[in-house]
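Biologist: Please take a close look at one part of this chain for me. I would like to know how its aromatic rings pair and what surrounds them.

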Amino acid sequence: MEKVEKGIEVADETVEDKQPEEQVEAKSDTTEVEESKADEQAEAGKSDTAGGEENKVEESSDISEPEEEVLVADQNVKKSPVELIDEARTMVDDTDSVVKDCMQTLNEDIDAYEKRKKDLLDGNIQTADKFFEEIGFDPEIVNDADDNMDFHSEDPIQPMQVKNLSSGKFGALIVALIAGVAVIAVWIYMARDKFGIHIDPSRVPSEEVQNSLFSKVGAVITGGQENSMIGMAVIGLSILLIMWIFYSLKVYLRGIKNEDIAKKVNEDAHFYCSKKEECKREMERVSEHIHQTIKTLDTYDIFLNEQNATIQRVVYLEGKLPFDEYHDISKEEIKRTHLLTHSFNELISVPMAAESGLLSNDSREALREAMRTQEDYRDSLYR
């Protein structure tokens, strides 16, 4: 009995030892199954994502294709002669309006420059010259160029007028009427030579003559049976048909001619606008130059106002003496004032407009020199 009980205990221990191993194996199997499922889901997700991206790419490509088609269609659109003429007229009108405004602005800038220059000449420049005379210092002789603002194009551009195209319908109608009269003349000739019917072209034939002609023509059409209604229809239709042919042909030929005219006018409008654009840019450059010159005159006015006050103080304290008898500092101030008046005179004595009607290079250089002089004067104030 003891052996049996020991055997049972040994068996129980063996079973208990095996259970953890089976549980570990079961867990490992479960883990492997879960990992395999996770891998499958990940692959499925990737495939779905890839598929979604492919679909998006296809959708985006499908969306972009119509836009490209629209752009290509816009580029390939052929404009009618009327559209080309309207486009040319709009271009010319807009360009003329812009150039007119620019020219008006330039004239206003020139007036502003002349006024500012006159104010400075009548103000601080005149005051400085009076002080120079009082102290025996030779005043600056102002050499003002009065006719230096004549800006014009060397090759003036004639205004362009865009006229409407002729449809040619009136001329076509005249040609059609002439063709109709010619057909009537042919029928009169055939009535006399083919049917023996005499028709006086100088007057309207009688009703009897008309019926006779219509019946003869109707007989030719029907094969022997006279029928005035058929004859009248044949004659009338032949006249109208010839008139329509000549009318349509004339209008068609005029349409072809209008295409060439419209293309030429459109090209001329583009060239005209490009030349006007060059004129506008040149006027803008002149206006900018005038603005800088006016600003430079303002600076002259401020500097000379201060220098005139300094010379007035010198004359007040030291009296009216020959230039060489003034204090060295006073003589330096007088020279500085003379330098400003001389620089101002050099600036305004150079014509702004060259002989070609454009902004002169000498005027540009004179402005740069004046600005350098002012810069040197400004620097001397802080030494």
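This is a predicted model: local features need pLDDT of at least 70, side-chain atom pairs count only at pLDDT 80 or more; totals for chains, interfaces and linings use all residues.

**Aromatic pairs and their surroundings**

Modeller: Not counting residues up to four places away in sequence, Asn 308 touches Asn 124, Thr 127, Ala 128, Phe 131 and Thr 337. Asn 308 has its place in helix H5. With a relative accessible area of 4%, Asn 308 is buried, because anything under 20% counts as buried.

First, the setting. The chain holds seven helices and zero strands. Its elements, read from the N terminus on, run α-α-α-α-α-α-α. Of the 383 residues in the chain, 29% are buried. The accessible surface of the chain comes to about 26100 Å², and carbon and sulfur atoms account for 55% of that surface. If we take the contacts between residues at least 6 apart in sequence, 74% join residues at least 24 apart.

Now the rings. A pair of aromatic rings is described by the distance of the centres and the angle of the planes. Searching the whole structure gives two aromatic pairs. In one of them, the ring centres of Tyr 300 and Phe 344 are 5.8 Å apart and the planes stand at 80 degrees, so this pair is edge-to-face. Tyr 300 belongs to helix H5 (residues 228–318) and Phe 344 to helix H6 (residues 328–349), so the pair links distant parts of the chain, 44 residues apart. Tyr 300 is buried, at a relative accessible area of 0%. Phe 344 is buried too, with a relative accessible area of 0%.

The other pair is formed by Phe 303 and Tyr 377, and it is tilted: the centres are 4.5 Å from each other, with 45 degrees between the planes. This pair also links distant parts of the chain, with Phe 303 in helix H5 and Tyr 377 in helix H7 (residues 361–380), 74 residues apart. Both Phe 303 and Tyr 377 are buried.

Helix H7 deserves a look of its own. H7 has 20 residues and spans 29 Å from its first C-alpha to its last, close to the 28 Å expected at 1.5 Å a residue. Its buried residues are Ser 363, Ala 366, Leu 367, Ala 370, Thr 373, Gln 374 and Tyr 377. Seen down the axis of H7, these buried residues fall within an arc of 120 degrees, so they line one face of the helix. An α-helix has 3.6 residues a turn, so residues three or four places apart point the same way. The buried residues of H7 pack against H5 and H6.

Next, the nonpolar core. The largest one has 27 residues, and those touching the most other members are Tyr 113, Ile 290, Leu 297, Tyr 300, Phe 344 and Leu 347. Two or more residues of this core come from each of helix H2 (81–134), H5, H6 and H7. Both rings of the edge-to-face pair, Tyr 300 and Phe 344, are thus named among those core residues. In soluble globular proteins, nonpolar side chains tend to be buried together.

Finally, a contrasting residue in helix H2, Glu 87. Glu 87 is partly exposed, with a relative accessible area of 25%. Leaving aside neighbours within four places in sequence, Glu 87 is in contact with Lys 79, Asn 266 and His 270. The C-alpha atoms of Glu 87 and Ala 262 are separated by 9.9 Å, although these residues are 175 residues apart along the chain.

Conventions. Residues are numbered from 1 along each chain as its sequence is written. Side-chain values use heavy atoms; hydrogens and water are left out. Rings of Phe, Tyr and Trp (its six-membered ring) pair if their centres lie within 6.5 Å; planes under 30 degrees apart count as stacked, over 60 as edge-to-face and the rest as tilted. Helices (H or I, at least four residues) and strands (E, at least two) are DSSP runs, numbered from the N terminus. Buried means under 20% relative accessible area, exposed over 50%, partly exposed in between (1.4 Å probe, protein chains only). Contact means heavy atoms within 4.5 Å. Accessible areas come from the Shrake-Rupley method with a 1.4 Å probe; for residues, only the protein chains shown count as cover. The expected span of a helix is 1.5 Å times one less than its number of residues. The arc is that of the directions from the helix axis to the C-beta atoms. A nonpolar core is a set of buried Ala, Val, Leu, Ile, Met, Phe, Trp, Tyr and Cys residues joined through side-chain atoms within 4.5 Å.
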